[in-house]
Amino acid sequence: MAFLLRQVVRTGLQRNLLLMRHASASTSANPELSVQVSESCLKRLREICVDGSFLRVTVEGGGCSGFQYKFDLDKQLNEDDREFGEGQAKVVIDTVSLEYCSGATVDYHSELIRAGFRMVANPLAEQGCSCGSSFSIKL
C-alpha cells in the first residue's frame, strides 16, 4: 500500500513540476536550448526517413526514475517544435520536452541484443536507470 501511495504522490509531483516549468516558459522558444545529434543517429535517420518523416523525441512523466524519453517516427510538425539535424535526417523536439534534455546528444546505438535511439550525456539528468530510457532531473 505504501508503494502505491508513493507512486501516486510522485506522479502528482512530476505533473505539477511539468506544469510549473511550462507556465514559466516564455511563449517563444528559447534559442539557447538545443540538443546535439550524433553521426550514428544521422546515418540511421538517412536510412529510415525516406518518406519525409523525422524522429520525434518527447519527455514524459513515468519510467523507473521519474521521467522517460519517447522516440517515434512522425511526419507532422507542430507549432512548438524545434528541429535539429540536417536534410532528411531530422530530430524534432517540442519546447517543453527540450527543457528537460537541452545539452544532451541524440544517438543511435546498436549492440548484439538490441538497437535503437537513445539520449546520452543529458546535463539536466541527475540519475537514470539501467535501461537508459528513464531519468530524474536535477532540481
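Visitor: Where is the place of D81?

Guide: D81 sits in strand β4. Strands (E, at least two residues) and helices (H or I, at least four) are DSSP runs, numbered from the N terminus. This is a predicted model, in which local features need pLDDT of at least 70 and side-chain atom pairs count only at pLDDT 80 or more, while totals for chains, interfaces and linings use all residues. Residues are numbered from 1 along each chain as its sequence is written, and side-chain values use heavy atoms, with hydrogens and water left out.

Visitor: Does D81 count as buried or exposed?

Guide: Buried means under 20% relative accessible area, exposed means over 50%, and partly exposed lies in between (1.4 Å probe, protein chains only). D81 has 13% relative accessibility, so it counts as buried.

Visitor: Which residues does D81 touch, not counting residues up to four places away in sequence?

Guide: Contact means heavy atoms within 4.5 Å. By that rule, and with residues up to four places away in sequence not counted, D81 touches R56, Q76, V92, I93 and D94.

Visitor: Which side chain does a polar contact join to that of D81?

Guide: A polar contact is a pair of N or O atoms within 3.5 Å; within protein, one must be able to donate a hydrogen and the other to accept it, and residues adjacent in sequence count only if both atoms are side-chain atoms. The side chains of D81 and R56 are joined by such a contact, at 2.9 Å. A polar atom of the D81 side chain also lies 2.6 Å from the backbone nitrogen of N78.

Visitor: What about R82?

Guide: R82 is found in strand β4, which covers residues 81-86. A polar atom of the R82 side chain lies 3.1 Å from the backbone oxygen of L33. R82 and T95 are 13 residues apart in sequence, and their C-alpha atoms are 6.8 Å apart in space.

Visitor: How many salt bridges does the structure hold?

Guide: Side chains of opposite charge can pair when their charged atoms come close. A salt bridge is a side-chain nitrogen of Lys or Arg within 4 Å of a carboxyl oxygen of Asp or Glu. The structure holds 11 salt bridges. One of them joins E47 and R44, at 2.9 Å from N to O. Both residues lie in helix α2, three residues apart, about one turn of the helix.

Visitor: Which residue forms a salt bridge with K75?

Guide: K75 pairs with D51, the closest N and O atoms being 3.3 Å apart. This pair links distant parts of the chain, 24 residues apart: K75 is in the loop between β3 (67-74) and β4, and D51 is in the loop between α2 and β2 (54-61). K75 is exposed at 55% relative accessible area, and D51 is partly exposed at 47%.

Visitor: How many aromatic pairs are there?

Guide: Rings of Phe, Tyr and Trp (its six-membered ring) pair if their centres lie within 6.5 Å; planes under 30 degrees apart count as stacked, over 60 as edge-to-face and the rest as tilted. The structure holds five aromatic pairs. Among them is Y69 with F71, which is tilted: 6.4 Å centre to centre, with 40° between the planes. Ring pairs link F67, Y69, F71, Y100 and F135 into a cluster.

Visitor: How many disulfides does the count come to?

Guide: A disulfide is a covalent bond between the sulfur atoms of two cysteines. The rule here asks for a pair of cysteine sulfur atoms within 2.5 Å, and the count comes to zero. C64 is exposed at 58% relative accessibility, whereas C101 is buried at 0%.
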